[in-house]
Amino acid sequence: IMKSSSKSPILEGKIRMSDTLRYPVQDLNDYIVRFFTRLGVSPTDAQTAARVILAADLRGVDSHGIIRLHSYYGSRLLNGTINPQTAIKVLRETPVTLALDGGNSLGQVVGEYAMSRCIEKARANAIGMVTVRCSNHYGIAGYYAMMALEHNLIGVSFTNSQPLVAPTYGRSRLLGTNPIAVAVPAGRHLPYVLDMATSIVPIGRIAVYEKMGQPVPMGWGLDEKGVATSDPHAIQNGGALFPLGGPAETRGYKGYGLSLLVDLFCGVLAGAAIGPEVGDPSNQIPGANVGHFFAAIDISAFRDTQEFQQEMDRYIEFLKNAPKAVGEERIYIHGEKEFEMAEVNQREGIPLLPAVVDSLREAGALVGEPFDLQPLS
(Lines give C-alpha, C1' and ligand atoms only; values in the text may rest on other atoms or scores of the structure.)
Protein backbone atom coordinates (compact mmCIF):
# COMPACT_ATOMS: atom_id res chain seq x y z
CA ILE A 1 0.00 0.00 0.00
CA MET A 2 2.85 2.38 0.75
CA LYS A 3 4.60 1.82 -2.59
CA SER A 4 5.71 5.18 -3.99
CA SER A 5 3.69 5.19 -7.19
CA SER A 6 1.28 7.55 -8.87
CA LYS A 7 -1.22 4.69 -8.76
CA SER A 8 -0.89 4.21 -4.99
CA PRO A 9 -4.22 4.49 -3.16
CA ILE A 10 -2.39 6.67 -0.67
CA LEU A 11 -1.23 9.17 -3.29
CA GLU A 12 -3.93 9.10 -5.95
CA GLY A 13 -5.81 12.39 -5.63
CA LYS A 14 -4.67 12.82 -2.04
CA ILE A 15 -2.06 14.87 -0.21
CA ARG A 16 1.58 13.82 -0.62
CA MET A 17 2.85 11.91 2.41
CA SER A 18 6.24 13.64 2.20
CA ASP A 19 4.50 16.96 2.95
CA THR A 20 2.81 15.77 6.14
CA LEU A 21 3.33 15.03 9.82
CA ARG A 22 1.67 11.93 11.26
CA TYR A 23 -0.20 12.08 14.57
CA PRO A 24 -1.50 9.17 16.68
CA VAL A 25 -5.22 8.59 16.14
CA GLN A 26 -6.03 8.41 19.86
CA ASP A 27 -4.16 11.65 20.58
CA LEU A 28 -6.15 13.46 17.88
CA ASN A 29 -9.39 11.93 19.14
CA ASP A 30 -8.71 13.09 22.69
CA TYR A 31 -7.80 16.57 21.49
CA ILE A 32 -11.01 16.93 19.45
CA VAL A 33 -13.04 15.86 22.50
CA ARG A 34 -11.29 18.48 24.68
CA PHE A 35 -11.76 21.10 21.95
CA PHE A 36 -15.52 20.51 21.69
CA THR A 37 -16.13 20.27 25.43
CA ARG A 38 -14.29 23.57 25.84
CA LEU A 39 -17.00 25.03 23.57
CA GLY A 40 -19.88 23.66 25.64
CA VAL A 41 -20.47 20.32 23.89
CA SER A 42 -21.19 17.40 26.24
CA PRO A 43 -18.42 14.78 26.58
CA THR A 44 -20.68 12.14 24.98
CA ASP A 45 -21.51 14.32 21.99
CA ALA A 46 -17.87 15.41 21.69
CA GLN A 47 -16.85 11.74 21.45
CA THR A 48 -19.41 11.20 18.68
CA ALA A 49 -18.17 14.22 16.75
CA ALA A 50 -14.54 13.15 17.15
CA ARG A 51 -15.33 9.62 15.95
CA VAL A 52 -17.00 10.87 12.77
CA ILE A 53 -14.38 13.54 12.03
CA LEU A 54 -11.48 11.11 12.39
CA ALA A 55 -13.30 8.50 10.29
CA ALA A 56 -12.79 10.93 7.41
CA ASP A 57 -9.07 11.39 8.09
CA LEU A 58 -8.54 7.66 8.57
CA ARG A 59 -10.14 6.88 5.22
CA GLY A 60 -8.13 9.58 3.46
CA VAL A 61 -11.05 11.97 3.01
CA ASP A 62 -8.95 14.73 4.57
CA SER A 63 -11.21 17.45 3.15
CA HIS A 64 -13.93 16.41 5.65
CA GLY A 65 -11.75 15.66 8.65
CA ILE A 66 -9.89 17.61 11.30
CA ILE A 67 -9.06 20.31 8.73
CA ARG A 68 -12.60 21.65 9.42
CA LEU A 69 -12.18 21.90 13.19
CA HIS A 70 -11.15 25.56 12.97
CA SER A 71 -12.72 26.70 9.72
CA TYR A 72 -16.19 25.28 10.36
CA TYR A 73 -17.05 23.66 13.69
CA GLY A 74 -15.03 25.83 16.08
CA SER A 75 -15.90 29.14 14.47
CA ARG A 76 -19.63 28.33 14.33
CA LEU A 77 -19.77 27.11 17.91
CA LEU A 78 -17.97 30.26 19.00
CA ASN A 79 -20.29 32.62 17.15
CA GLY A 80 -23.43 30.75 18.17
CA THR A 81 -24.52 29.52 14.74
CA ILE A 82 -24.26 25.89 15.95
CA ASN A 83 -26.05 24.88 19.14
CA PRO A 84 -23.53 23.02 21.37
CA GLN A 85 -26.37 21.22 23.17
CA THR A 86 -28.18 18.48 21.28
CA ALA A 87 -31.83 19.41 20.77
CA ILE A 88 -33.28 16.79 18.41
CA LYS A 89 -37.08 16.71 18.06
CA VAL A 90 -39.37 14.14 16.45
CA LEU A 91 -41.69 15.81 13.95
CA ARG A 92 -43.48 12.80 12.44
CA GLU A 93 -43.09 9.05 12.84
CA THR A 94 -44.47 5.81 11.39
CA PRO A 95 -43.17 2.23 11.80
CA VAL A 96 -40.79 2.72 8.85
CA THR A 97 -40.26 6.49 8.66
CA LEU A 98 -39.13 9.32 10.91
CA ALA A 99 -38.85 13.07 10.36
CA LEU A 100 -36.49 14.88 12.73
CA ASP A 101 -35.60 18.46 13.57
CA GLY A 102 -31.90 18.56 14.46
CA GLY A 103 -32.24 21.63 16.65
CA ASN A 104 -29.23 23.26 14.96
CA SER A 105 -27.00 20.78 16.81
CA LEU A 106 -23.68 19.32 15.64
CA GLY A 107 -24.34 17.43 12.40
CA GLN A 108 -22.30 14.41 13.48
CA VAL A 109 -24.40 13.93 16.60
CA VAL A 110 -27.67 14.40 14.71
CA GLY A 111 -26.52 12.14 11.87
CA GLU A 112 -25.45 9.25 14.08
CA TYR A 113 -28.70 9.42 16.06
CA ALA A 114 -30.82 9.57 12.89
CA MET A 115 -29.06 6.62 11.26
CA SER A 116 -29.31 4.59 14.48
CA ARG A 117 -33.07 5.13 14.48
CA CYS A 118 -33.19 4.27 10.77
CA ILE A 119 -31.41 0.97 11.46
CA GLU A 120 -33.80 0.17 14.32
CA LYS A 121 -36.77 0.58 12.00
CA ALA A 122 -35.19 -1.53 9.27
CA ARG A 123 -34.43 -4.36 11.68
CA ALA A 124 -38.00 -4.33 12.93
CA ASN A 125 -39.87 -3.62 9.68
CA ALA A 126 -37.47 -4.46 6.80
CA ILE A 127 -36.90 -0.82 5.84
CA GLY A 128 -36.27 2.48 7.56
CA MET A 129 -36.15 6.03 6.18
CA VAL A 130 -35.33 9.17 8.14
CA THR A 131 -35.25 12.83 7.12
CA VAL A 132 -33.59 15.61 9.11
CA ARG A 133 -34.03 19.37 8.94
CA CYS A 134 -32.23 22.13 10.90
CA SER A 135 -28.90 20.30 11.08
CA ASN A 136 -25.31 21.20 10.19
CA HIS A 137 -22.43 19.73 8.19
CA TYR A 138 -22.20 16.09 9.30
CA GLY A 139 -18.82 15.03 7.89
CA ILE A 140 -18.45 12.15 5.45
CA ALA A 141 -21.72 10.67 4.20
CA GLY A 142 -20.15 7.21 4.05
CA TYR A 143 -19.83 7.01 7.84
CA TYR A 144 -23.60 6.80 8.27
CA ALA A 145 -24.20 4.42 5.38
CA MET A 146 -21.51 2.13 6.81
CA MET A 147 -23.28 2.02 10.19
CA ALA A 148 -25.78 -0.37 8.56
CA LEU A 149 -23.10 -2.90 7.59
CA GLU A 150 -22.64 -4.42 11.04
CA HIS A 151 -26.34 -5.31 10.99
CA ASN A 152 -26.15 -6.88 7.50
CA LEU A 153 -28.27 -4.05 6.15
CA ILE A 154 -27.80 -1.83 3.11
CA GLY A 155 -27.22 1.75 4.21
CA VAL A 156 -27.92 5.00 2.35
CA SER A 157 -27.00 8.54 3.34
CA PHE A 158 -27.51 11.87 1.53
CA THR A 159 -26.97 15.43 2.70
CA ASN A 160 -27.34 18.82 1.11
CA SER A 161 -24.79 21.51 1.84
CA GLN A 162 -23.88 25.14 1.46
CA PRO A 163 -24.01 26.30 -2.18
CA LEU A 164 -20.66 25.84 -3.90
CA VAL A 165 -21.59 24.35 -7.28
CA ALA A 166 -22.76 26.10 -10.43
CA PRO A 167 -25.56 24.40 -12.38
CA THR A 168 -24.67 23.40 -15.93
CA TYR A 169 -24.52 26.54 -18.10
CA GLY A 170 -24.50 28.72 -14.96
CA ARG A 171 -21.73 30.44 -13.03
CA SER A 172 -23.32 31.19 -9.64
CA ARG A 173 -23.12 28.95 -6.59
CA LEU A 174 -26.61 27.52 -6.35
CA LEU A 175 -26.14 23.87 -5.30
CA GLY A 176 -24.16 22.08 -2.62
CA THR A 177 -21.60 19.36 -3.16
CA ASN A 178 -24.52 17.16 -2.01
CA PRO A 179 -22.90 13.74 -1.48
CA ILE A 180 -24.42 10.31 -2.05
CA ALA A 181 -23.29 7.33 0.04
CA VAL A 182 -24.41 3.70 -0.22
CA ALA A 183 -22.92 0.77 1.71
CA VAL A 184 -23.67 -2.85 0.75
CA PRO A 185 -22.31 -5.85 2.73
CA ALA A 186 -20.41 -8.67 1.06
CA GLY A 187 -19.11 -11.98 2.41
CA ARG A 188 -15.37 -12.71 2.06
CA HIS A 189 -14.71 -9.39 0.35
CA LEU A 190 -14.80 -5.90 1.69
CA PRO A 191 -18.21 -4.24 1.42
CA TYR A 192 -19.12 -1.95 -1.45
CA VAL A 193 -19.03 1.62 -0.11
CA LEU A 194 -19.84 4.38 -2.56
CA ASP A 195 -19.20 7.80 -1.01
CA MET A 196 -19.12 10.54 -3.62
CA ALA A 197 -19.78 14.22 -3.95
CA THR A 198 -22.06 15.22 -6.78
CA SER A 199 -19.63 18.05 -7.50
CA ILE A 200 -16.45 17.30 -9.45
CA VAL A 201 -14.64 17.36 -6.07
CA PRO A 202 -15.53 18.52 -2.53
CA ILE A 203 -14.66 22.15 -1.78
CA GLY A 204 -12.34 20.87 0.94
CA ARG A 205 -10.19 19.30 -1.78
CA ILE A 206 -9.75 22.77 -3.29
CA ALA A 207 -8.74 24.05 0.16
CA VAL A 208 -6.13 21.29 0.46
CA TYR A 209 -4.58 22.30 -2.88
CA GLU A 210 -4.53 25.93 -1.82
CA LYS A 211 -2.79 25.03 1.46
CA MET A 212 -0.21 23.06 -0.56
CA GLY A 213 0.24 26.04 -2.92
CA GLN A 214 -0.62 23.92 -5.95
CA PRO A 215 -3.01 24.51 -8.89
CA VAL A 216 -6.01 22.25 -9.23
CA PRO A 217 -6.68 20.32 -12.44
CA MET A 218 -8.60 22.23 -15.11
CA GLY A 219 -12.26 21.31 -15.14
CA TRP A 220 -12.66 21.41 -11.36
CA GLY A 221 -13.95 24.95 -11.04
CA LEU A 222 -14.86 28.38 -12.41
CA ASP A 223 -13.73 31.87 -11.45
CA GLU A 224 -16.21 34.65 -10.64
CA LYS A 225 -16.65 35.42 -14.36
CA GLY A 226 -17.66 31.84 -15.14
CA VAL A 227 -14.35 30.93 -16.79
CA ALA A 228 -12.72 27.57 -16.04
CA THR A 229 -9.61 28.02 -13.88
CA SER A 230 -6.87 26.03 -12.16
CA ASP A 231 -6.46 28.65 -9.41
CA PRO A 232 -7.86 27.24 -6.13
CA HIS A 233 -8.05 30.73 -4.62
CA ALA A 234 -10.22 31.97 -7.50
CA ILE A 235 -12.58 29.01 -7.14
CA GLN A 236 -12.97 29.57 -3.41
CA ASN A 237 -13.31 33.35 -3.64
CA GLY A 238 -16.16 34.29 -5.93
CA GLY A 239 -15.95 31.24 -8.17
CA ALA A 240 -17.76 27.90 -8.08
CA LEU A 241 -17.20 24.18 -8.46
CA PHE A 242 -18.31 22.30 -11.55
CA PRO A 243 -20.83 19.50 -11.00
CA LEU A 244 -19.62 15.92 -11.35
CA GLY A 245 -18.49 15.47 -14.94
CA GLY A 246 -17.26 19.04 -15.31
CA PRO A 247 -18.61 21.45 -17.93
CA ALA A 248 -21.51 20.66 -20.24
CA GLU A 249 -19.29 19.28 -23.02
CA THR A 250 -18.03 16.53 -20.69
CA ARG A 251 -21.57 15.69 -19.54
CA GLY A 252 -21.53 17.70 -16.30
CA TYR A 253 -25.32 17.91 -16.48
CA LYS A 254 -25.40 14.38 -15.06
CA GLY A 255 -23.70 15.54 -11.86
CA TYR A 256 -26.00 18.55 -11.82
CA GLY A 257 -28.99 16.20 -11.94
CA LEU A 258 -27.62 14.07 -9.10
CA SER A 259 -26.94 17.14 -6.96
CA LEU A 260 -30.49 18.35 -7.49
CA LEU A 261 -31.83 14.87 -6.65
CA VAL A 262 -30.04 14.96 -3.27
CA ASP A 263 -31.48 18.40 -2.55
CA LEU A 264 -34.99 17.17 -3.35
CA PHE A 265 -34.66 14.47 -0.67
CA CYS A 266 -32.69 16.48 1.89
CA GLY A 267 -34.18 19.91 1.31
CA VAL A 268 -37.67 19.71 -0.18
CA LEU A 269 -38.75 16.39 1.40
CA ALA A 270 -37.04 17.02 4.76
CA GLY A 271 -38.27 20.61 4.99
CA ALA A 272 -34.73 21.94 5.29
CA ALA A 273 -33.13 24.76 3.32
CA ILE A 274 -32.65 24.25 -0.42
CA GLY A 275 -29.92 25.31 -2.85
CA PRO A 276 -28.65 28.84 -2.18
CA GLU A 277 -30.69 29.07 1.04
CA VAL A 278 -28.52 26.51 2.87
CA GLY A 279 -26.46 28.44 5.38
CA ASP A 280 -28.02 31.78 4.41
CA PRO A 281 -27.94 33.98 7.56
CA SER A 282 -30.98 35.94 6.32
CA ASN A 283 -33.22 32.87 6.73
CA GLN A 284 -35.75 32.88 9.55
CA ILE A 285 -34.45 29.56 10.91
CA PRO A 286 -31.16 30.02 12.82
CA GLY A 287 -28.10 28.14 11.66
CA ALA A 288 -27.34 26.48 8.34
CA ASN A 289 -30.59 24.43 8.23
CA VAL A 290 -28.80 21.58 6.46
CA GLY A 291 -30.98 18.58 5.57
CA HIS A 292 -30.13 14.87 5.58
CA PHE A 293 -31.79 11.71 4.29
CA PHE A 294 -31.03 8.19 5.56
CA ALA A 295 -32.28 4.77 4.57
CA ALA A 296 -31.59 1.22 5.71
CA ILE A 297 -32.77 -1.94 3.96
CA ASP A 298 -32.99 -5.44 5.41
CA ILE A 299 -31.65 -7.81 2.76
CA SER A 300 -33.53 -10.76 4.25
CA ALA A 301 -36.83 -9.13 3.26
CA PHE A 302 -35.87 -9.81 -0.36
CA ARG A 303 -33.67 -12.92 -0.27
CA ASP A 304 -31.52 -15.03 2.04
CA THR A 305 -28.77 -12.77 3.44
CA GLN A 306 -26.01 -15.38 3.09
CA GLU A 307 -26.95 -16.05 -0.52
CA PHE A 308 -26.92 -12.31 -1.17
CA GLN A 309 -23.41 -11.97 0.28
CA GLN A 310 -22.19 -14.93 -1.76
CA GLU A 311 -23.57 -13.29 -4.90
CA MET A 312 -21.87 -10.03 -3.91
CA ASP A 313 -18.56 -11.90 -3.59
CA ARG A 314 -19.05 -13.51 -6.99
CA TYR A 315 -19.81 -10.18 -8.63
CA ILE A 316 -16.83 -8.49 -6.97
CA GLU A 317 -14.59 -11.30 -8.21
CA PHE A 318 -15.91 -10.84 -11.77
CA LEU A 319 -14.83 -7.21 -11.60
CA LYS A 320 -11.49 -7.67 -9.84
CA ASN A 321 -10.43 -10.53 -12.08
CA ALA A 322 -11.40 -8.75 -15.30
CA PRO A 323 -8.66 -7.91 -17.84
CA LYS A 324 -6.73 -4.79 -16.81
CA ALA A 325 -6.10 -1.70 -18.91
CA VAL A 326 -2.56 -1.14 -20.18
CA GLY A 327 -0.24 -0.30 -17.29
CA GLU A 328 -2.77 -1.18 -14.60
CA GLU A 329 -2.39 -3.97 -12.06
CA ARG A 330 -5.61 -3.82 -10.11
CA ILE A 331 -9.32 -3.03 -10.36
CA TYR A 332 -10.80 -1.57 -7.18
CA ILE A 333 -14.27 -1.85 -5.70
CA HIS A 334 -15.71 1.36 -4.26
CA GLY A 335 -14.44 1.88 -0.70
CA GLU A 336 -11.55 -0.56 -1.07
CA LYS A 337 -8.83 2.09 -1.26
CA GLU A 338 -10.30 3.85 1.76
CA PHE A 339 -10.39 0.66 3.85
CA GLU A 340 -6.74 0.00 3.02
CA MET A 341 -5.79 3.59 3.77
CA ALA A 342 -7.58 3.43 7.12
CA GLU A 343 -5.45 0.42 8.09
CA VAL A 344 -2.26 2.34 7.30
CA ASN A 345 -3.37 5.52 9.07
CA GLN A 346 -4.58 3.64 12.13
CA ARG A 347 -1.20 1.96 12.42
CA GLU A 348 1.14 4.78 11.36
CA GLY A 349 -0.82 7.87 12.40
CA ILE A 350 -3.03 10.34 10.56
CA PRO A 351 -1.11 12.57 8.12
CA LEU A 352 -1.66 16.32 8.49
CA LEU A 353 -0.24 19.10 6.35
CA PRO A 354 1.84 21.70 8.25
CA ALA A 355 -0.76 24.32 7.28
CA VAL A 356 -3.48 22.19 8.90
CA VAL A 357 -1.39 21.85 12.05
CA ASP A 358 -0.97 25.64 12.08
CA SER A 359 -4.75 26.09 11.78
CA LEU A 360 -5.28 23.68 14.70
CA ARG A 361 -2.86 25.70 16.79
CA GLU A 362 -4.76 28.88 15.91
CA ALA A 363 -8.07 27.23 16.78
CA GLY A 364 -6.69 25.87 20.03
CA ALA A 365 -5.40 29.29 21.07
CA LEU A 366 -8.77 30.82 20.22
CA VAL A 367 -10.77 28.46 22.44
CA GLY A 368 -8.17 28.02 25.19
CA GLU A 369 -7.27 24.42 24.36
CA PRO A 370 -3.67 24.49 23.02
CA PHE A 371 -2.87 22.05 20.24
CA ASP A 372 0.48 20.76 21.53
CA LEU A 373 0.41 17.17 20.30
CA GLN A 374 3.67 15.60 19.25
CA PRO A 375 3.82 14.03 15.78
CA LEU A 376 5.10 10.52 15.22
CA SER A 377 7.13 11.73 12.21
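Reader: Which residues are linked with Arg117 in a network of salt bridges?

Author: A salt bridge is a side-chain nitrogen of Lys or Arg within 4 Å of a carboxyl oxygen of Asp or Glu. Here Glu93, Glu120 and Lys121 are linked with Arg117 in such a network. This is a predicted model, in which local features need pLDDT of at least 70 and side-chain atom pairs count only at pLDDT 80 or more, while totals for chains, interfaces and linings use all residues. Residues are numbered from 1 along each chain as its sequence is written, and side-chain values use heavy atoms, with hydrogens and water left out.

Reader: How many residues apart are Glu120 and Arg117 in helix H4?

Author: Helices (H or I, at least four residues) and strands (E, at least two) are DSSP runs, numbered from the N terminus. Glu120 and Arg117 are three residues apart in H4 (residues 107-125), so about one helical turn separates them. Their side chains meet in a salt bridge at 3.4 Å, N to O.

Reader: Is Arg117 buried or exposed?

Author: Buried means under 20% relative accessible area, exposed over 50%, and partly exposed in between (1.4 Å probe, protein chains only). Arg117 is buried, at 15%, whereas Glu120 is partly exposed, at 49%.

Reader: Which parts does the salt bridge of Glu369 and Arg38 tie together?

Author: The side chains of Glu369 and Arg38 meet at 3.1 Å, N to O. Glu369 lies in the segment after helix H11 (354-367) and Arg38 in helix H1 (residues 25-38), so this pair ties together parts that are 331 residues apart in sequence. Glu369 is buried, with a relative accessible area of 12%; Arg38 is partly exposed, with 48%. The structure holds 15 salt bridges.

Reader: How many residues of strand S5 are buried?

Author: Seven of the seven residues of S5 (residues 153-159) are buried, so the strand is largely enclosed by the rest of the structure. Leu153, Gly155, Ser157 and Thr159 point one way, and Ile154, Val156 and Phe158 the other way.

Reader: Which strands are joined to S5 by bridges?

Author: Two strands pair if DSSP finds at least two bridges between them. Seven bridges join S5 to strand S11 (residues 290-298), and the two run antiparallel; Thr159 stands opposite His292 in S11. Four bridges join S5 to strand S6 (residues 180-184), also antiparallel, with Val156 opposite Val182.
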